[in-house]
Amino acid sequence: MSRIDVRFAALKATHRTGLIPFVTAGDPSPQHMVALMHALVDAGADLIELGVPFSDPMADGPVIQHASERAIAKGVGLNEVLGWVAAFRQRDAETPIVLMGYLNPVEIHGYARFAQEAVQAGVDGVLLVDCPLEESAVLRPLRDAGLQQILLAAPTTAPARMAQLCGSAEGFLYYVSFAGITGAAHLSTGDIAARVADIRSRAKAPVAVGFGIRDAASAKAIAGFADAVVIGSALVERLAGATDAEEITVRVQAFLAPIRAALDAH
Amino acid sequence: MSKIVDFNAFPDAYGRFGNYGGSYVAETLMAPLAELTEAYLRLRDDPEFIAELDRDLKHYVGRPSPIYHAERLSQHVGGARILFKREDLNHTGAHKINNTVGQALVAKRMGKPRIIAETGAGQHGVASATVAARLGLKCVVYMGAVDIERQKINVYRMKLLGAEVVPVTSGSKTLKDALNEAMRDWVTNVADTFYIIGTVAGPHPYPLMVRDFNAIVGREARAQMLEQYGRLPDVLTACVGGGSNAIGLFHAFLNDADVRIVGAEAAGEGIATGHHAASLAAGRPGVLHGNRTYVLCDDNGQINETHSISAGLDYPGVGPEHAFLKDVGRADYVGVTDDEAMEAFHLLARTEGILAALESSHAVAQAIKLAREMPKDGIVLCNLSGRGDKDVHTIAAREGVEV
Ligand SMILES: Cc1ncc(COP(=O)(O)O)c(C=O)c1O
């Protein structure tokens, strides 16, 4: 079983909803990235999504765009990101890590080389936003090396395709709660509850819901029907500008603790 | 090689041209793209749609555009005859209208009331605003803040046509960022919005659809050559930004193995300086804006900021069909610098009385280079993709003239 599978099995066994924070690797501070990752776990993260900065993040709103721009300006690339994962693994062998981003950095790094280095560093899965199922043949070396490919499902996904995604899902299936970009805030839980319940009953992997979750209230609203919630832009926004490890840790705690509590109270 | 490949067989059902093309987009866009592909493939063979498009191209765009023998320019160069396919004479002043007229008709048939577009030089934005006005559709154009500054006239034209121009301030603030922003709009407003991409890039079916709508250029030119000269040209050339005017001219000739094909990319201040936009000549295969193609990027996979004097060529990717044509050796892609384009601009103005767009001036420069090395009875057919009115301010500023 992969680290991701183990973690979701444990959540299920304890009837808890998973908390998956997303942070852009290298933001707010490359030096304190490993400290940030540990802080996320200490504040209740069950899995970490680490955004690999890309110059042209077509599916992201301004918050993550700007975080990526800041990280790139500081020279952050895949080598740095993999280095942080390896460093994080020295103290944490359990928390699954998914790299989230766009295909070009991986393509340029080289699929086989990336696969080998990522596994060695301790990465568990990849979510490549612009690599839908149809184009996933290029990811073969990644999957052969043991990385799980996290697939997205969206409100626009047609029924036949949804069946295909449910059948191909591994690690977890990431359901995008609305048609739009990251950071937009118009979660309407009523619409998605039935949809997620349906997907959950058919998917070969647990279902996490992301986009539009920004605080304890919205997380709690989702917790009723998802295996996990993903929180990205609101956290990235909260962390922006923090300069030292302590401030980062304090902000992470202040932001995630109420969300963790809301999920657990559910 | 061109004997074995039937170029009409591309792209395949996934939008792939060999290793290039495809649909590298977020899941949310897979359904709208499938819907668009289905609608387009149906309309492509629909006699009513074809008749309506032909009518618009004839009566609204002003097609066919002539091929023109630039005698004084050819004489000045002292080599082969240089012929221009006069896309600059189209309504709105460039080839871009061929595509927007077509896509607007698709939008209308699909019942989408709102059109969005990205633009670099502003020509595609103007062409989109134009067709939107004509069909009574709402139009929003995304344009990099840098490009808004250097193509002010086109920005104002779009506004006169009733379009909203949204400045894009992310990334390098040029065409690539405008495309990102338009994609973000589309993903957010898929239900009522039709995205008119302005070049043969983007995810499937755009490289196919935009190519089809511009392929009228080469179809006309091929027939005009046979009719007026009794032969095909020896070599074709066109400037390559995203590659729509180039593939438009090239496509009808791809299976004519004896016709040489040369694309002119923006070499900016020179490829060696790094300040250029020559994706095919100096880039590497990668994934950008929904397709696999040649891109200009660093070793971390970050897309480079590009440079060209012409906003319409200032793009770090290129249409996937060109990437394919390069790899199979059917076409060559070479760089033309800012200075060479400027020189060609002036030479054409003074010998032929034609002010070419700065984009097209790259093709003119390449045509001159080719003609110079060829015998007098040779023929170079160059796509004059647009007129230079929009560039008058840029040129004046570069030459230190106040207008
Ligand atoms: C006159 C003209 N030619 C060429 C181009 C470049 O685009 P493409 O390579 O798609 O023809 C543009 C783009 O704005 C243009 O305005």
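Author: Start with H15(A), which is exposed because its relative accessibility is 72%, and exposed means over 50% relative accessible area, buried under 20% and partly exposed in between (1.4 Å probe, protein chains only). The model is a predicted one, in which local features need pLDDT of at least 70, side-chain atom pairs count only at pLDDT 80 or more, and totals for chains, interfaces and linings use all residues. Residues are numbered from 1 along each chain as its sequence is written, chains are lettered from A and ligands numbered from 1 in the order in which they are written, and side-chain values use heavy atoms, with hydrogens and water left out.

Reader: Where is H15(A) found, and what is its phi?

Author: H15(A) is in the loop between α1 (3-13) and β1 of chain A; helices (H or I, at least four residues) and strands (E, at least two) are DSSP runs, numbered from the N terminus. Its phi is near 55°, a positive value in a residue other than glycine.

Reader: Why is T92(B) called buried?

Author: Because its relative accessible area is 9%, and the limit for buried is under 20%. T92(B) also has a positive phi, about 75°, although it is not a glycine. Its place is the loop between β4 (81-86) and α4 (96-110) of chain B.

Reader: Is V190(B) buried or exposed, and where is it found?

Author: V190(B) has 13% relative accessibility, so it counts as buried. The residue is found in the loop between α8 (175-188) and β8 (193-196) of chain B.

Reader: What makes Q224(B) buried, and which backbone oxygen lies 2.9 Å from its side chain?

Author: Q224(B) is buried because its relative accessibility is 12%. The backbone oxygen is that of S65(B), 2.9 Å from a polar atom of the Q224(B) side chain. A polar contact is a pair of N or O atoms within 3.5 Å; within protein, one must be able to donate a hydrogen and the other to accept it, and residues adjacent in sequence count only if both atoms are side-chain atoms. Q224(B) itself lies in helix α10 (residues 216-229) of chain B.

Reader: Which peptide bond in chain B is cis, with omega near 0°?

Author: The bond from R63(B) to P64(B). P64(B) sits in the loop between α2 (47-61) and β3 (67-69) of chain B. In chain A, the bond from D27(A) to P28(A) is cis, with omega near 5°.

Reader: How many residues surround the ligand, and which are the closest?

Author: There are 20, and the closest are T199(B), G241(B), G243(B), S244(B) and S385(B); a residue is near a molecule if one of its heavy atoms lies within 4 Å of it.

Reader: Which side chains have an N or O atom 3.0 Å or 2.7 Å from the ligand?

Author: The side chain of K96(B) has an N or O atom 3.0 Å from a ligand oxygen, and that of S385(B) has one 2.7 Å from a ligand nitrogen. A polar backbone atom of G242(B) is 3.1 Å from an oxygen of the ligand. The protein covers 98% of the 390 Å² of accessible area that the ligand has on its own (Shrake-Rupley method, 1.4 Å probe).

Reader: Which elements give two or more residues to the shell around the ligand?

Author: They are α11 (244-250) and α15 (358-372) of chain B.
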